[in-house]
Amino acid sequence: MIPLFYYLALSAIIFSIGLFGFMTQRSGIRMLMCVELMLNAANINLVAFSSYNADLTGQVFALYSIALAAAEAAIGFAILMSIYRVRDMINLDKINVLRW
Amino acid sequence: MEIPILSLIVLIPFLFSVLTLLTKNKEQARAVALLSSVVVLTLTVYMYLNFDSNTAQMQFQEFAQWVPSLGINYQLGIDGISMPLVLLNAIVIPFLILFTWNDEKNHSNRFYALLLATQGAVIGVFVSLDFFLFYVFWELTLVPLFFMVSIWGGPAKHKAAIKFFIYTHVGSLVMLLGIFALYFTAWKQTGTPNMNIEHLLSQFQFISDGLSRNLIFLALLFGFLVKIPSFPFHSWLPDAYVEAPTAGSVLFVLLKIGGYGLFRVSLPLLPFTPSMDLMVTVMAALGSVSILYGAFLALAQRDLKRMVAYSSISHMGYVTLGAAGLVSLSVSGAMFQQFSHGLIMSIMFMSCGVINRATGTRIINDLGGLAGKMPKLAVIMMLAFMASLGLPGLTGFIAEFMVLTFTYINQPTYVIIAILAVIITAAYHLWAMQRTMFGVYNQKFGVLKDISASQTFSMAIIALLILYFGLNPSPVLNMMITNSEKLVSLLAVTGV
Amino acid sequence: MVDLTLLTPELTLVGTGLVVLSIGLFLNTNAKKILSYLASLGILASLVLVLTNLGNGGMLFNETLSFDALSQFFKIVFLSVALLVSIASIKYTEGNSHTEEFYSLLIFATVGMMFVASANDLIVLFVAFELASLATYALAGFEKKNPLSLEASMKYFMIGALSAALMLFGISFIYGATGTTSIPGVAENINILLGSPIGLLSVVLMIAGLGFKIALVPFHMWAPDTYQGSPSVVSSLLAAGSKKMGFVAAFKVFMVGLIALQAEWTTAFALLAVITMTLGNIVALSQNSVKRMLAYSSVAQAGYITMSFVVMSKTALAGAILYALSHGFMKAGAFIATAAVIYMVLSEKKDSEMPDHIDNFRGLGKRMPITALCMTIFLFALAGIPLTAGYMSKFVLFASTIEAGLVWLAVIAILNSAISLFYYARVVKYMYFLSSEGEKIAEPVPYTVAMIIAAIFVLAIGFWSEPFIYWAMEAAKVLI
Amino acid sequence: MAIENMAFLIPVLPALAFVLTFFLGKKLPNGGAIIPIIAIFTSFVISLLITMNLLQNPGQVVSQSYNWFAILNVGILIDPLAAVMLSMVSFVSLLIHIYAVGYMSHDKAQPRYFAETALFTAAMLGVVLSDNILQFFVCWELVGLCSYLLIGFWFEKPSAASAAKKAFLTTRVGDVMFLAGIILLFADIFKIFNGSIPQGVYVLRFDEIFSHIPEIAALNTQIFGFEVSHLTLITLLFFGGAVGKSGQFPLHVWLPDAMEGPTTVSALIHAATMVTAGVYLVARTFPMFIAAPYSLLIVAYIGAFTALFAATMGLVMNDIKRILAYSTISQLGYMMLGLGMGAVIGITAVGDSLFHLINHAFFKALLFLCAGSVIHAVGTQDIRQMGGVGKVMPITFATMLIASLALAGFGIPGTSIGVSGFFSKDPIIEAAYLFGESTENWFPYLFSIVAALLTSIYIFRLIFMTFTGKPRTSYGGHESPAVMTVPLIILGLLALVFGALTKTSFGNFLKETFGNNFVSIDIHALAEMGEYHLASHGSGSEPLIILWMPVIVAFAGLLISYLIYGMRILDMSSIVSRNNPIYKLLYNRYYQNAIYTEFLAVKVVYEGLSLAGRSIDRGFDWLVNFIGHIFMELADGLRQLQTGVVQNYATAVITGVSLLVILLKLIMEVF
């Protein structure tokens with residue numbers, strides 16, 4: 001069967017992609033997607049570990065985190081929506097009234 | 001069961017300061033303030049009369065648990081070191097209130113409230129035997145003075161207030177570090193936390209590490225030197241003293257907690273400080289330099305009040321120097337200097353205030369010939385100036401003579417430096433006297449009224465005290481000597 | 001059948017939240033005022049329940065929830081902050097059609113924090129953590145017409161999501177290494193990670209995840225913007241409440257779970273503590289927005305509390321925990337006072353650019369005497385002037401560093417608090433020494449009540465510290 | 001009750017008078033002058049009685065001591081030395097007070113005047129009868145204060161105010177040396193007792209001090225490589241104090257300016273209550289001086305030089321009071337010289353010097369009072385505008401003439417014919433000759449003899465220009481009222497006969513002082529210690545020319561000034577002119593003012609040191625503010641990090657994480 005290392009490598013790659021995207025993307029939507037990537041990378045880890053440790057906790061945890069991710073996305077989109085209402089755009093790098 | 005007199009003299013001012021806040025107008029405020037200060041004075045005098053000046057022990061002790069889990073207690077007591085200073089405060093404050101009796105100030109209720117609060121805090125520092133309590137009062141003295149300067153102060157009041165606040169706060173924090181160190185090392189040794197000052201001081205010698213002992217001593221010393229203030233930590237003083245309203249300056253003068261700390265804390269620790277000789281030298285050097293430096297700068301000032309402020313630096317140098325003398329009489333001389341300096345400077349600042357009020361200027365060269373118009377002021381101010389330049393028969397001389405003479409035994413060099421300053425001191429006093437009081441009257445001031453009855457009364461009483469204690473210092477000096485002998489006997493243990 | 005008495009406070013809160021939410025659907029805007037009182041009552045009730053349960057502890061739901069001195073102490077902190085906030089919000093939500101949402105969010109956030117406080121398992125911890133976060137994201141953006149509020153919540157949310165991901169990633173490694181998510185269980189099997197890069201990585205990830213809530217530099221950058229932008233009452237909840245949640249979580253994760261990796265995280269926290277307090281204090285010096293200044297000051301205060309991770313002694317923890325409590329009252333109070341001022345400013349001119357600008361504090365002593373007095377108390381407490389809660393907790397905390405022989409750390413902390421005095425005193429100066437043309441105005445009752453309560457506690461902790469220190473000690477015993 | 005129990009009243013009564021007059025004076029006639037007069041009269045009576053008592057039985061020295069504070073005491077010591085001083089001071093000051101009733105009658109500040117003079121007298125009396133050096137110093141300072149107040153009596157006059165300040169400051173310089181001497185002395189005795197001073201021993205009492213002279217002399221210190229005995233140091237420091245108070249070179253500058261006060265004050269200062277204090281200090285501590293190597297020599301040289309130096313300036317002054325001022329300085333020089341002669345004639349020196357002091361007190365007081373009444377009548381102080389005053393003011397003229405003769409010292413050696421000055425000044429000059437003989441140091445003698453010549457020249461110049469000839473300006477002069485002339489007459493009589501009456505008894509009486517009565521001192525042993533060789537043969541055995549020399553120069557002086565100013569035969573205009581450098585030098589008083597005030601005080605101390613200090617202080621201030629400034633700058637810099645762009649925040653977070661990982665990794669590697 002596939003060695004654990006592969007999973008870890010995969011999740012690491014996904015996570016890094018997420019990080020990179022989060023830092024570089026302007027649109028709020030894309031940034032949210034990057035966050036999802038990172039969360040899922042974590043989930044991969046959890047699941048992989050749980051199967052290798054032969055213990056279900058990890059998978060339960062993964063389920064929880066998926067649910068949470070959904071909730072988070074909901075809130076996030078809500079915020080972005082209302083921003084869009086007020087500012088007619090969601091390029092977050094333009095939204096820097098609060099600074100210094 | 002006898003009355004907890006110390007708690008009373010500490011708490012009454014605070015209590016009444018709250019009452020004063022509630023008063024509606026100036027008349028009520030000053031009346032309440034005066035009442036409080038008079039009560040405190042009577043209590044203090046009563047205590048003084050029942051005070052045994054032949055023992056160095058703490059008297060009128062009070063004890064109550066406060067924060068047992070940290071060994072913090074509410075513990076008060078008074079001895080020969082603190083008694084004169086408490087007396088000084090109790091005496092001067094009522095007359096200070098009388099002095100300001102007819103001043104036109106906005107919100108005088110706040111003013112008197114702050115004044116009383118300061119008194120309470122300062123007395124609290126003197127009588128608390130618990131380091132925590134000590135520090136609490138120590139810091140509390142800052143707050144009312146900060147407000148007083150920034151509300152009723154001169155043109156540059158805000159800068160001065162903040163500077164004074166931060167600067168001295170830093171000093172106190174460094175001191176606090178030292179206290180912590182004492183506290184925990186003692187805790188480790190005895191296994192139980194205890195903030196009692198005497199206990200902590202007695203544990204100091206068991207700290208194995210010499211370096212940390214030096215550091216602790218230095219931290220505490222720094223805190224005190226900033227408050228005294230001694231060269232080179234004095235730069236907060238001129239601004240604060242000058243910008244403060246007259247009463248504020250007087251309160252600053254009564255703020256003798258720095259020197260007090262020197263006697264209460266530093267000297268007992270000294271014998272167990274590894275590099276003791278170095279420390280003593282440092283203290284002596286700073287003391288004598290402050291004396292000389294302050295004198296020269298006073299000579300350089302054009303503003304009368306600023307001159308007085310610098311002269312105060314110069315005089316406080318005697319305290320440090322005398323403490324470094326390590327002879328019982330030099331130490332008590334230093335203590336007496338604190339007492340006498342408090343009295344003298346009070347009048348000096350009052351005079352500055354009066355002159356400024358009357359003529360609208362404090363620039364020495366603009367003044368002149370006031371003696372003709374304000375004879376009463378002239379007489380009192382003359383006496384204060386003479387006392388301040390160390391004229392025999394007045395308190396200043398007793399203190400300075402004792403400090404110089406008895407310090408010479410151990411620290412000849414620094415005494416010689418200090419003696420040079422005596423001439424300069426005379427010089428700037430006489431110069432200022434000549435330019436303000438004598439010579440041709442500057443007509444642009446028009447007709448001046450002499451100082452009011454209340455001002456005359458309050459200044460005259462203090463002046464008489466200066467004269468009395470100058471002729472017969474024993475009433476306060478003896479208790480000082482008793483305690484300083486104890487302090488010095490500790491030193492003798494380590495063969496000094 | 002498990003005995004749920006220990007859980008009653010949380011249950012009460014949840015109940016209140018749901019009730020408020022559901023009733024709110026049927027009420028018209030003016031009538032919604034009741035809800036705020038209702039919510040406040042609910043919070044008060046659960047606070048009372050916690051206090052009654054004080055002392056008896058235990059585990060629930062096969063040891064995923066633990067009820068002990070620590071958790072209860074922090075619950076008290078959260079609930080009292082929540083209570084202050086909800087009382088203050090009576091005024092804030094007045095005539096707002098979304099009152100019920102506000103309060104339910106507030107309550108659920110509190111519930112989340114409380115669960116974090118008693119979490120004994122990483123899953124519970126994470127979920128509760130997220131619960132609180134999500135609720136507060138929404139709260140921060142509560143003024144959904146106000147671009148600043150939205151920007152605040154957006155930043156808060158974005159960084160929050162990022163750090164949640166980081167934390168989860170970290171947890172995943174810990175789980176992988178130890179095979180369990182129960183915190184004590186982790187503590188037993190963590191030794192595998194000793195000195196391994198994975199261990200180090202997971203430690204750092206956890207620090208990042210929690211440091212976001214604690215607002216440790218460099219994970220703090222959202223905090224000033226969010227505190228400034230979001231409604232003051234919410235800022236006070238964030239600063240006073242959810243920040244403490246980060247601490248309690250960190251206490252559990254590091255001091256219980258990852259105790260074996262102490263070497264790594266002590267060093268990390270040492271660095272972060274110093275940087276945090278210094279940067280916070282220095283940047284606060286040059287702020288003109290009072291809320292932003294308070295934000296930086298709370299960054300700095302976080303730095304102080306973090307010192308306890310470096311010292312790791314019973315006194316230090318007691319100090320930190322006490323500090324958490326006092327800071328809760330001080331900061332909540334300060335923000336509420338600011339809220340009052342903002343209310344005043346806005347009631348005078350609607351579209352004021354920066355209503356919490358320090359110039360609006362001119363002559364406050366005359367215009368809003370009570371507010372000014374309370375604000376002064378809070379500020380001096382934050383600065384650590386004796387006989388206030390701030391001084392007492394600083395005293396214990398700083399003292400403990402000396403006790404542990406970390407003089408350098410103590411010196412840095414002391415110097416920092418000396419710097420901090422400057423910007424606190426500055427506000428006092430504006431309130432009392434600078435005059436303004438504005439006339440005296442009636443101070444909104446709810447704000448005043450909240451502030452007075454806070455002020456009373458601030459002074460009480462300062463004067464009569466014994467019981468508080470005792471509780472803090474008890475709580476500290478749980479960790480060490 | 002025994003008279004010595006009333007001794008304490010001597011200073012206390014005038015002090016009381018001060019308080020009373022100060023507060024009640026306004027309500028009484030002539031500013032309550034009566035109070036101090038009565039008080040001082042009583043003091044005088046008491047001191048006189050004590051003196052009488054001592055004359056009969058020299059053993060009964062009054063000596064009382066009480067604890068003051070710490071280990072220091074207050075006390076009274078009246079031995080012959082003190083007794084004569086007391087009587088003189090109280091007597092002269094009494095006369096001056098009486099005189100002042102008339103002189104000050106037009107001044108509205110009379111009460112203040114009489115109060116202050118009373119205090120002045122009290123302080124001086126206190127100096128005289130104190131039994132320990134500290135009390136001595138205390139009263140000494142009070143004297144200084146009173147002189148300050150009185151010189152600046154007309155404080156509206158800027159010149160008066162600054163003169164007062166100058167007087168106080170200059171004497172202060174001396175006082176500081178005196179204080180330093182006391183401190184050093186105390187430290188030494190402390191050492192001798194090695195730190196534990198037994199109960200009831202007052203180390204600063206004169207008898208205590210004298211009993212430790214040998215030990216103190218044994219202590220040495222290196223100063224500039226010279227091995228200096230502490231005794232020498234202490235005595236020289238004391239002498240420094242004396243130099244200040246007694247206006248010896250180089251601290252004499254204040255005395256001429258002190259003329260700014262009322263003339264009566266000048267009389268007090270010059271005759272009775274101030275300048276003599278310095279001489280008295282040296283006399284009081286004479287045992288220490290004679291035991292200290294070189295000290296007496298220095299005293300002698302300074303004295304002799306001052307005598308000459310001041311006389312030269314006296315020659316050219318035109319202000320009548322200034323002339324007298326310089327003559328005082330010069331006479332004080334003689335007294336110091338006399339004391340210095342102790343190096344050869346031992347204890348007798350004290351007798352001679354004090355004798356001159358007393359006589360000088362009489363005739364100098366007289367001179368001033370006469371000058372006063374002249375000024376009172378003429379309304380100017382410039383002798384060039386006077387002339388012929390003798391006709392309008394016969395009594396004043398007569399008494400003034402007597403005083404001048406006394407000052408110049410006319411008399412016939414070997415007989416008891418002569419004015420008081422003669423009997424007291426000649427022994428000093430003769431001693432100076434002896435001194436030259438036995439130590440080959442001839443300068444003192446030369447100085448003193450030349451000074452004697454100049455003295456007689458300048459005083460008769462004054463007489464001739466003032467009283468003889470015809471008025472040079474129109475002044476409505478009149479003789480002064482009785483209240484002023486009576487004191488003149490009394491003083492005149494004394495100036496005339498006092499010397500003749502007491503010339504032998506006085507010296508013997510004074511010898512008793514350091515004899516066996518209150519502390520037994522073997523002067524010869526001390527002199528050995530001081531490496532002095534007391535001349536075997538006493539005075540009076542010199543060659544005749546030496547005996548006659550002083551008188552001859554006195555007559556010479558009289559002649560010269562008669563030719564110049566009386567007959568107007570010799571024309572001095574060529575000499576007395578601005579373009580004559582010597583005259584210019586003298587007239588500008590050796591440019592002391594430029595050197596002391598403008599250079600030392602202003603340039604060096606004020607502009608140099610204090611202003612420098614001020615800039616240093618600015619530096620400190622700047623430093624403090626600068627630190628604050630740095631923080632504000634930092635704040636402004638660091639807040640720029642907060643860009644407000646959420647992506648950057650994310651970057652910050654991630655960078656933080658990675659940096660932490662790397663750092664920790666490294667740290668873990670290292671430790």
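With 19 C-beta neighbours inside 10 Å, C:Met312 counts as partly exposed; a residue is buried if 20 or more other C-beta atoms lie within 10 Å of its own, exposed if 12 or fewer, and partly exposed in between, with C-beta atoms placed from the backbone. C:Met312 is not a glycine, yet its phi is positive, at about 55 degrees. The residue sits in the loop between helix H12 (290-311) and helix H13 (314-348) of chain C; helices (H or I, at least four residues) and strands (E, at least two) are DSSP runs, numbered from the N terminus.

This is a predicted model, in which local features need pLDDT of at least 70 and side-chain atom pairs count only at pLDDT 80 or more, while totals for chains, interfaces and linings use all residues. Residues are numbered from 1 along each chain as its sequence is written, and chains are lettered from A and ligands numbered from 1 in the order in which they are written.

A positive phi also occurs at C:Glu63, a residue other than glycine, where the value is near 65 degrees. C:Glu63 belongs to the loop between strand E1 (58-60) and strand E2 (65-67) of chain C. C:Glu63 is partly exposed, with 14 other C-beta atoms within 10 Å.

Helix H15 (residues 369-383) of chain C has 15 residues, which at 1.5 Å a residue should span 21 Å, and its end C-alpha atoms are 21 Å apart, in agreement. The expected span is 1.5 Å times one less than the number of residues in the helix. H15(C) is largely enclosed by the rest of the structure, because 12 of its 15 residues are buried. Among the buried residues are C:Thr371, C:Cys374, C:Phe378 and C:Phe380. The cover over the buried residues of H15(C) includes H12, H13, helix H14 (364-367), helix H16 (389-403), helix H17 (407-432) and helix H18 (445-463) of chain C. Just after H15(C) comes C:Gly384, with a positive phi of about 85 degrees.

| Peptide bond | Omega |
|---|---|
| B:Ile228 to B:Pro229, cis | near -10 degrees |
| D:Phe249 to D:Pro250, cis | near 5 degrees |

B:Pro229 lies in the loop between helix H9 (210-227) and helix H10 (236-243) of chain B. D:Pro250 is placed in the loop between helix H9 (230-245) and helix H10 (254-257) of chain D.

Turning to the interfaces, 33 residues of chain C are in contact with 32 residues of chain A; contact requires that the C-beta atoms of two residues, placed from the backbone, lie within 7 Å. On the side of chain C that touches chain A, the elements giving two or more residues are helix H5 (122-140), helix H6 (147-178) and helix H9 (222-229) of chain C. H6(C) gives the most to this side, with 18 residues. By class, the side of chain C that touches chain A has 19 nonpolar, 9 polar and 5 charged residues. Here Ala, Val, Leu, Ile, Met, Phe, Trp, Tyr, Cys and Pro count as nonpolar, Asp, Glu, Lys and Arg as charged, and the others, Gly among them, as polar.

Between chains B and D, 37 residues of chain B are in contact with 34 residues of chain D. H19(B) gives the most to the side of chain B that touches chain D, with 9 residues. That side divides into 29 nonpolar, 8 polar and no charged residues.
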